[in-house]
Structures are given as structure tokens and as C-alpha cells.
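Please look over the sequence and the model before reading on.

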Amino acid sequence: MNKHTSMLGAAGIIGIAVVVGGCASSVERPDGQLQSAESAIQQAVSSDARDFEPVLLNQAQNRVADAEELIEAEKYMEATRLLEKATVDAQLAGARSDTAKAQQAVEEINTNIEALRQRIEERQ
């Protein structure tokens with residue numbers, strides 16, 4: 001191996017290191033994702049997810065807690081992925097809770113309609 005080839009190899013390795021280092025440092029602290037996940041959890045709680053989807057809500061809260069630890073360890077890429085999953089979990093918990101409440105309301109209305117029908121039939 002001559003001196004020129006050796007310098008070319010070293011330059012290649014340095015170039016790869018710069019590219020990899022640049023990619024790693026381009027990941028920013030996911031404060032916006034953290035705020036979005038916490039907001040989604042609050043909305044799910046407002047939709048009574050504690051009553052209708054407690055497992056999914058807890059999963060979202062646990063993922064946010066794990067992501068906060070990853071943020072402290074400056075593992076922003078992993079934290080971002082967890083926060084995205086937490087946001088989806090919380091949104092799903094909220095949507096399922098809203099659906100469950102709507103189903104309960106429909107059942108209650110149907111029960112009231114049936115009771116009214118029975119009263120009408122009894123009077124005839």
C-alpha cells in the first residue's frame with residue numbers, strides 16, 4: 001500500500017465519520033413531540049379514557065415517561081419514536097372513549113324509546 005492510497009483511505013474514513021456525525025447531531029431534542037404527546041394524553045383523559053380505555057391510556061403515559069428518560073440521556077431519536085407512539089396511543093384511547101360514550105348514549109335512547117312504546121301499547 002503506498003502513501004497516496006493510505007491518505008485516500010484515511011480521507012474516506014474521515015468523510016464517513018463526518019457524515020455519520022452530522023446525521024447524529026441533526027436530531028434535535030423532541031420538546032415539540034413531548035408537548036404533543038402530553039396534549040394528546042390530556043385530551044384522552046378529558047374524553048374519559050381512564051374509564052373506557054385505561055390500558056391504552058396507561059401505555060401512552062408509560063411511553064412518555066420512558067421518552068423523558070431517553071431525552072435526559074440525550075437519545076433523542078429513540079425518544080422521538082416513543083413520543084410518536086404515545087401520541088397515537090393517546091389519540092386512539094380518546095377516540096375509543098368517545099365512541100364508547102356515544103354507544104352508551106344510543107343504547108340509553110333506544111331503551112327510552114322502547115319504554116315509551118310499551119307505555120303507548122299499554123294505553124291502547
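## Basis of the report

This is a predicted model, in which local features need pLDDT of at least 70, side-chain atom pairs count only at pLDDT 80 or more, and totals for chains, interfaces and linings use all residues. Residues are numbered from 1 along each chain as its sequence is written, and side-chain values use heavy atoms, with hydrogens and water left out.

## Overall make-up

The chain contains five helices and zero strands, so that its elements, read from the N terminus, run α-α-α-α-α. Helices (H or I, at least four residues) and strands (E, at least two) are DSSP runs, numbered from the N terminus.

Of the 124 residues in the chain, 23% are buried. Buried means under 20% relative accessible area, exposed over 50%, and partly exposed in between, with a 1.4 Å probe and protein chains only. Among the contacts in the chain with a separation of 6 or more, 71% join residues 24 or more positions apart; a contact means heavy atoms within 4.5 Å.

## The nonpolar core

The largest nonpolar core has 19 residues, of which I41, V64, I71 and L83 touch the most other members. Helices α2 (31-46), α4 (54-72) and α5 (76-123) each supply at least two residues of this core, and α5 gives the most, with seven residues. A nonpolar core is a set of buried Ala, Val, Leu, Ile, Met, Phe, Trp, Tyr and Cys residues joined through side-chain atoms within 4.5 Å.

Leaving aside residues up to four places away in sequence, I41 touches L57, A60, Q61, V64 and A90.

## Helices α4 and α5

Two packed helices are described by the angle between their axes and the distance between the axes. The axes of α4 and α5 come within 8 Å and cross at roughly 160 degrees. Axes are lines fitted to C-alpha atoms, for helices over the stretch in contact, and angles run from 0 to 180 degrees between N-to-C directions. The two helices α4 and α5 are therefore roughly antiparallel to each other. Angles under 35 degrees count as roughly parallel, over 145 as roughly antiparallel, 65 to 115 as roughly perpendicular and the rest as oblique.

The crossing of α4 past α5 is left-handed, a term used if the near helix is turned anticlockwise from the far one by less than a right angle. Residues of α4 including L56, L57, A60, V64 and I71 meet residues of α5 including Y76, L82, L83, A90 and R96. By class, this contact has 15 nonpolar, one polar and six charged residues. Ala, Val, Leu, Ile, Met, Phe, Trp, Tyr, Cys and Pro count as nonpolar, Asp, Glu, Lys and Arg as charged, and the others, Gly among them, as polar.

## Helix α2 and its partners

Helices α2 and α4 pack at an angle of about 160 degrees, with their axes 10 Å apart, and are therefore roughly antiparallel to each other. Their crossing is left-handed. In this contact L34, A37, E38, I41, A44 and V45 of α2 meet L57, A60, Q61, V64, E68 and I71 of α4. The residues involved are nine nonpolar, one polar and two charged.

Helices α2 and α5 pack at an angle of about 15 degrees, with their axes 8 Å apart, which makes α2 roughly parallel to α5. The crossing of α2 and α5 is also left-handed. Among the residues that meet are Q33, L34, I41 and S46 in α2 and T80, L83, A90 and K101 in α5. This contact of α2 with α5 divides into nine nonpolar, seven polar and one charged.

## Individual residues

Most residues other than glycine have a negative phi. D48, in the loop between α2 and α3 (49-52), has a positive phi near 65 degrees. D48 is partly exposed, with a relative accessible area of 31%. E74, in the loop between α4 and α5, likewise has a positive phi, of about 60 degrees. E74 is exposed, with a relative accessible area of 59%.

D98 lies in helix α5 and counts as partly exposed at 38% relative accessibility. The C-alpha atoms of D98 and S47 are separated by 6.1 Å, although the two residues are 51 residues apart along the chain.
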